[in-house]
Amino acid sequence: MERPCYVRQMNDSVALDPVDLELLRLLQNDARMTYRDLSAAVGVAPSTCLDRVTRLRRSGVILGQELRLDASRLGRPLQALLSVQVRPHRRELVGPFVERIRALPESRALFHLAGPEDYLVHVAVTGTSDLQRLVLDEFTSRKEVARVETRLIFQRWECGPLLPPG
């Protein structure tokens with residue numbers, strides 16, 4: 001039998017055996033799989049499958065399920081990554097900046113980075129004039145924003161399921 005691997009959640013480690021790992025792989029590919037189908041795929045009883053998935057949720061390994069939408073079909077066909085440099089990079093400026101950017105309807109994701117840029121913002125807009133308005137009105141107009149660099153996204157691919165190393 002394979003040794004269990006461990007996922008770090010805060011200060012708690014969660015032991016994951018091969019059945020848990022297979023459940024996670026299957027659920028990442030289709031979070032709507034029934035417990036009957038999951039249990040058949042991993043070779044355990046449906047009640048055991050339910051118990052394992054419940055444990056994975058309670059332990060924080062499974063954070064939730066999400067619905068992905070097509071930005072183009074919702075009228076936002078142009079997507080971009082904005083690299084943002086904040087100066088001075090102090091907590092009292094960063095907090096309000098993050099709150100404002102997260103509240104923008106164009107914002108899809110926000111990352112706090114190490115390196116020359118402080119933030120990477122994924123946005124979806126209606127077109128180039130909307131992108132220009134967003135950059136000028138919501139980013140460069142803010143006193144703490146020192147620089148914004150825009151990169152257009154031509155295409156995006158999903159990658160394989162996220163599983164623990166090893």
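This is a predicted model: local features need pLDDT of at least 70, side-chain atom pairs count only at pLDDT 80 or more; totals for chains, interfaces and linings use all residues.
Residues are numbered from 1 along each chain as its sequence is written, and side-chain values use heavy atoms, with hydrogens and water left out.

Asp 20 lies in helix H1 (residues 18-29); helices (H or I, at least four residues) and strands (E, at least two) are DSSP runs numbered from the N terminus. Asp 20 is buried because its relative accessibility is 1% (buried, under 20% relative accessible area; exposed, over 50%; partly exposed in between; 1.4 Å probe, protein chains only). Residues up to four places away in sequence aside, Asp 20 contacts Ala 15, Arg 52, Arg 55 and Leu 56 (heavy atoms within 4.5 Å).

Strand S5 (residues 119-125) has 6 of its 7 residues buried. S5 pairs with strand S3 (residues 78-86) in the antiparallel sense over 7 bridges, pairing being assigned if DSSP finds at least two bridges between two strands. Within S5, Val 121 stands opposite Leu 82. Strand S4 (residues 107-112) also runs antiparallel to S5, joined by 5 bridges, and His 122 of S5 is the bridge partner of Ala 109. In the hairpin of S4 and S5, with 6 residues between the strands, Gly 115 adopts a positive phi near 125°.

Leu 67 is located in the loop between helix H3 (46-58) and S3. With a relative accessible area of 73%, Leu 67 is therefore classed as exposed.
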